[in-house]
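This report goes through selected features of one structure.

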Amino acid sequence: MHRRGFLAANLATVLAGPRALAQMKMDGTSNMASMPGMDMGDHAGHDMGAMAQDPAALPEGEALRELPLLANEAGRPGLFRARLTAEPATARFAADQDTPILAYNGTSPGPLIEAYEGDRVEITFANRIAGEQSTIHWHGMPVPADQDGNPMDPVAAGADRVYAFELPEGSAGSYWYHPHPHGRTAEQVYRGLAGAFVVKAKADPIPAAYGDTALIFTDLRLAADGSMPENTMTDMMNGRVGDHVLVNGQKNPKLAVAMGAKRRVRLYNATNARFLRLHFANAAMTVIGSDGGLLEKPVAAEEILLSPAERLELVVAFDRPGAAALTTLDYDRGWMGPGRPADAGLTLLTVDVSDTAAEAMPPLPERLRPIVPLGAPTVSRRLLFTETMAMNPTGMEMGFLINGKAFDMARVDIVARAGDTELWEIVNQADMDHPFHLHGTQFQVVERERDGKLAKPPYLAWKDTVNVARGETVRLLTRQERPGARMYHCHILEHEQLGMMGIVDVRA
Ligand code: C2O
Ligand code: CU
Ligand code: CU
């Protein structure tokens, strides 16, 4: 389907269901805040106005649930075989209220997939979402283009398909999976479809005594009746930011550890659009890994910024008894219109540190693994991110563009050659931060530039998603090893849906 660069107020006819259409219909004379369902100023319930509703209270302080593990049905080493079914389900977020969600194998977040470097993976995907296409995209993973769940390869409602790929040596890392169908990714993800895929190293330098816990952050907005409201115009502009940030599906769950314990945690930002600037009160964070696996050496961190789709691997040391809380700090990512959510001061996880000491923990090694810097690029490219916003006689026009264009599935934007090292310069001349993501490979950020000032990243790392702040330019080195069409896009999923995406066709 051909998409125009600008989307008018009737974008709902293309992008959303009929209910959203009524909510999103607007013209130059109407006051957005007075429209039913719009709640421009108060949709998130943070600054209370006449129309605002208190967000439903969710129980807090329950014991952190382990993510269910996706069982390997292969029965022989070297092969991971399983089935993932996307289907409607219900969840109990608020007491006495069932919330209709979408789930993989009945759970949201979906089951944790754990496989090893060198494994072959064969996962049968069953799309049981009535009337909607879907796909499974293996975010960050080095899988062939035709196995990567691109919007060009939809799985029809009711259909099955097998995704098959090998996990190369050296690919250990914190990946994830989520749908990527054309025009429906944002909604399928906020309704519940996302899960963690951890590729483990055969020889892992991190002491096993630290454990290994995946913490998946998702965003939830609940209406008074327990349902999840559809996206509003504010959500489409800014990306959907809900009322609650959940960890593995729970609000501020509790974890108990002994004093002196060290824990390995993998943080996943699986929200559509929430920027998480995080701080661990009363505990010490050390970054040990990024999107694509371990760093060269551990790096102590007072705070971290996890933009949508990014992951970080940490070792957290709990050396003082009492409560250690993972909390959010203020981060201004550029908000359009009123109703900027209060993103500071949320407690995402509370760790109870006992005053009895843990058994002595082995130290974290000083070297984790080598990362070879990608060499001199032979090609350089510039990707300019812009937003356009205008009122015209038919309503508000929003455009989220790369190099002046909105996504078109039938258009190849970049032709690249497999094996070439390329310098990509991502230039954000828009009013919001845009987390840039590239499929099919891991890249290395080499430099950031803002107001004429250059900054090097604090460490060399493999990444597939990097935040590009408004007014900032990020330069990265990337190399695609395999041929095929790959997506690159803003990982605020509403922006991706509105056109901030392109295709790089990698040729052999
Ligand atoms: Cu996580 Cu193209 O996506
Ligand atoms: Cu991806
Ligand atoms: Cu964006």
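## Aromatic rings

Tyr-104, Phe-125, Trp-138, Tyr-163, Phe-165, Tyr-177 and Phe-197 are linked into a cluster by ring pairs; rings of Phe, Tyr and Trp (its six-membered ring) pair if their centres lie within 6.5 Å, and planes under 30 degrees apart count as stacked, over 60 as edge-to-face and the rest as tilted. The model is predicted: local features need pLDDT of at least 70, side-chain atom pairs count only at pLDDT 80 or more, and totals for chains, interfaces and linings use all residues. Residues are numbered from 1 along each chain as its sequence is written, chains are lettered from A and ligands numbered from 1 in the order in which they are written, and side-chain values use heavy atoms, with hydrogens and water left out.

The count by this rule is 14 aromatic pairs. Trp-138 and Tyr-163 are edge-to-face, because their ring centres are 5.7 Å apart and their planes stand at 80 degrees. Trp-138 is in strand β5 (residues 137-139) and Tyr-163 in strand β6, so the pair ties together parts 25 residues apart in sequence; strands (E, at least two residues) and helices (H or I, at least four) are DSSP runs, numbered from the N terminus. Trp-138 has 0% relative accessibility and counts as buried; buried means under 20% relative accessible area, exposed over 50% and partly exposed in between (1.4 Å probe, protein chains only). Phe-275 and Tyr-331 form a stacked pair, with 5.8 Å centre to centre and 25 degrees between the planes.

## Copper site

His-434 (ND1), Cys-490 (SG) and His-495 (ND1) coordinate the copper ion (ligand 3) at 1.9 to 2.1 Å. Donors are N, O and S atoms within 2.8 Å of the metal (3.2 Å for Na, K and Ca); water is not among the atoms, so sites may look incomplete. The spacing of the donors along the chain is H-x55-C-x4-H. His-434 and His-495 are both buried.

## Nonpolar core

The largest nonpolar core has 36 residues, of which Leu-383, Trp-424, Phe-436 and Tyr-488 touch the most other members. Such a core is a set of buried Ala, Val, Leu, Ile, Met, Phe, Trp, Tyr and Cys residues joined through side-chain atoms within 4.5 Å. Strand β21 (residues 395-402) gives the most to this core, with 4 residues.

Ser-171 is in the loop between β6 (160-166) and β7 (173-178) and is buried, with a relative accessible area of 6%. Its C-alpha atom is separated by 9.7 Å from that of Gln-442, 271 residues apart along the chain.
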